[in-house]
Amino acid sequence: MNAKPKLLTVLDVVAGAMFVAAVALVFFYAPLERVMGLVQKVFYFHVASAWIGMLAFAVAAFYGVLYLVKKDERYDRVELAAVEIGIVFALITIVTGSIWARPIWNAWWTWDPRLTTATVMELVYFAYLMLRSGIEEPERRARFGAVYAIIGFLSVPLTFFSIRLFRTIHPVVIGSNDPGAEGAFDMTQKMTQTFMFSLLTFTVGFVTLLWHRVRLGVLSDKVEQLKLKLQS
Amino acid sequence: MTAIIEVSRLVKRFGPKVVLRQLDFRVESGEFVALLGPNGAGKTTFLRILSSLSRPTLGSVSVAGYSLPHQAASVRRRLGVVSHLPLLYGDLSAEENLLFYGRMYAVDKLSARMDEVLEQVGLTNRRRDLVRTFSRGMQQRLAIGRAILHDPEVLLLDEPHTGLDQDACDMLDAALRQVAVRGRTVVMTSHDLSRAEDLASRFDVLARGTIQGSVQRQDIARDGLLGYYRKTLELAQNNAKNHKAEAAL
Amino acid sequence: MSGFAPFMRALSAVVWKDLRAEWRSRELLSAMLVFALLVILIFNFALELESTVRANVTAGVLWVTFTFAGQLGLNRSMAVEKDRGCLDGLLLAPVDRAAIYLGKTLANWVFMLLVAVIVLPIYSVLYNTNLFIPGLLLTILLGSEGYVAVGTLLSSMAVQARTRDILLPILLFPVAIPVVVAAVKATGGYLQGLDITEIQPWLNLLLTYDVVFTAVAFMVFDSVVEE
């Protein structure tokens, strides 16, 4: 268990290579968007990070349910790892979104449903971390974390719908297009390919990171155990 | 006699920390067992497991013929608990507190039973007063009344003397004896040896997460309970040292 | 443990106990009320609630008042259980834990509604606005239910944490945003006399939130209190 698994090393290499390839695709393969120009390139990683953020929080809620049913600390480690990764990617989403929004919407920030929901989501999971840090006993920390991961994840779609009932200016690139959205565009085939590839890259990256973080959790628990053994 | 509490190979872990290790414990019906031990030995944790408030990590626990945690509801119905906190509502009167708990336990003929219990713990004339105006000793006596309201087979007491002065302790003991005499099984944790010596019929020493020794009241040697207690703890410490030395080899 | 009658008996015992104790001390309600009035007062100066501005912000002011006062009450209601070990007392009883949760939720709901019942007429008089619109009262009923359903669950976690005094609002507010948004918009809609078709989506959202979160909290409460 202590030695790094081979598959993880393979994943490290694959994820790294895919990321380099994705950057290359974004800059050299995908065509320049007619109206928005270079800043549109941010879109490939922006949406991919948003996808990973949502995926991570969904994984966390799923493992929260598993933990409550099975009461096995392994599920708790995955849940915490997923939340931490989710927070980072949600932040990347917000930052890359702002970079894009500045020239296109003429503002770093608007109170658009997706932006607002992303921010509320960040706050939910910051609260999750604060809850955990306020509890000493590992088993209780895990239980409360699981409950809040579930509650938090369920609130996200409702938050989104509640804010969407206000009018939105965020473009919907995938699926139906709202004519009121500013900065919308149609993807060419090459764009679609690049986009799909960056989604895949980020997903592989997510799995790799998650694995690393879970392993770190296992190891730090082991250190804790050894410390206790030394004391007694 | 039959065992009313049976615990075998009980382990309780809090994360990496092991609080109870391979604990075996057996109480016959009608015994009054005092659990003695230094702070941090796991007495409160053990009592919380017996009272169904905390789940065992490993091992089996059965109380009044029902196993924990799966048959917790059946155990709870047959269990009374007094802790060092009163578990009472300060803004309710003595009577209302009992009324509330009586409803939670679905006690039959509640008002007659309440009269009886209030009489037993000597609070009949204060029944309409708010619990918040009670002294610690009176609160603790009412807590005993609350715990025996549903006529439990087993009574668990967690450091019931904490924070009481001499007189209050004596009155509490009087109330406890009245309950214990009536054929209930009692398990009490305490670090007050002299109080425990007056009350219990059996003394178990809990240290390092397991029962280190058990002695019947009539078997205590001339040097008394204190002597037995010290000897057992010393033995436990030596054993632990030997284990360590063996492990080092 | 199972069965409807014992469940209802335990539930009503918990509600009775909370209301009875509160009737005695009036600590919680008076704190919530004074706090609510202070919030309105602060808004009065912070926003200069002139008649022209007021129509648009009344809904917001009301809901900020309710949620802040409600948070205060939720925290207190669970702290009372925790401090004297009463939470253990409740858990030792041979009753379904969900009955305890629902009992506490119902009592908290009653407290929040009582605050609303007192704040609404005072606000109406102070700012010469009629707030007694049936739809608005329905909105308050729905909004506060969802709020206390989640709040009761989260406060029972918060009181068991080291940072309990500051934790509840941090846990509760981000997940209560849908309730606040929907309740504010519905209330605003009724105050502006909008058509019911424009308010309906918000009421639906409130109802969805209430159902989803009451059900989930009902199911997971056991995990919050059981060690």
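In helix H5 of chain B, the buried positions are Met138(B), Gln139(B), Gln140(B), Arg141(B), Leu142(B), Ala143(B), Ile144(B), Gly145(B), Arg146(B), Ala147(B) and Ile148(B). The model is a predicted one, and burial was assigned from neighbour counts, a residue being buried if 20 or more other C-beta atoms lie within 10 Å of its own. The geometry of the helix, which covers residues 136–148 of chain B, was compared with expectation: at 1.5 Å a residue its 13 residues should span 18 Å, and the end C-alpha atoms are 19 Å apart, which agrees.

Chain C contains eight helices and zero strands. The order of its elements from the N terminus is therefore α-α-α-α-α-α-α-α. Its radius of gyration is 18 Å, close to the 17 Å given by the globule rule for 227 residues, so chain C is as compact as a globular protein of that length. The C-alpha trace of chain C extends over about 55 × 35 × 30 Å along its principal axes. Buried residues make up 51% of the 227 residues of this chain. Among contacts in chain C with a separation of 6 or more, 82% are between residues 24 or more positions apart.

Chain C also touches chain B, in a contact that takes 21 residues from chain C and 23 residues from chain B. On the chain C side, the elements that give two or more residues are helix H1 (4–25) and helix H4 (86–92). H1(C) gives the most to this side, with nine residues. By residue class, the side of chain C that touches chain B consists of eleven nonpolar, three polar and seven charged residues.

A further contact joins chains A and C, with 26 residues of chain A in contact with 25 residues of chain C. Two or more residues of the chain A side come from each of helix H4 (113–133) and helix H5 (138–164) of chain A. The largest share, 15 residues, is supplied by H5(A). The side of chain A that touches chain C divides into 18 nonpolar, five polar and three charged residues.

Note on methods
Residues are numbered from 1 along each chain as its sequence is written. Chains are lettered from A and ligands numbered from 1 in the order in which they are written. This is a predicted model: local features need pLDDT of at least 70, side-chain atom pairs count only at pLDDT 80 or more; totals for chains, interfaces and linings use all residues. Two residues are in contact if their C-beta atoms, placed from the backbone, lie within 7 Å. Helices (H or I, at least four residues) and strands (E, at least two) are DSSP runs, numbered from the N terminus. Ala, Val, Leu, Ile, Met, Phe, Trp, Tyr, Cys and Pro count as nonpolar, Asp, Glu, Lys and Arg as charged, and the others, Gly among them, as polar. The expected span of a helix is 1.5 Å times one less than its number of residues. A residue is buried if 20 or more other C-beta atoms lie within 10 Å of its own, exposed if 12 or fewer, and partly exposed in between; C-beta atoms are placed from the backbone. The radius of gyration is taken over C-alpha atoms; the globule rule is 2.2 Å times the number of residues to the power 0.38.
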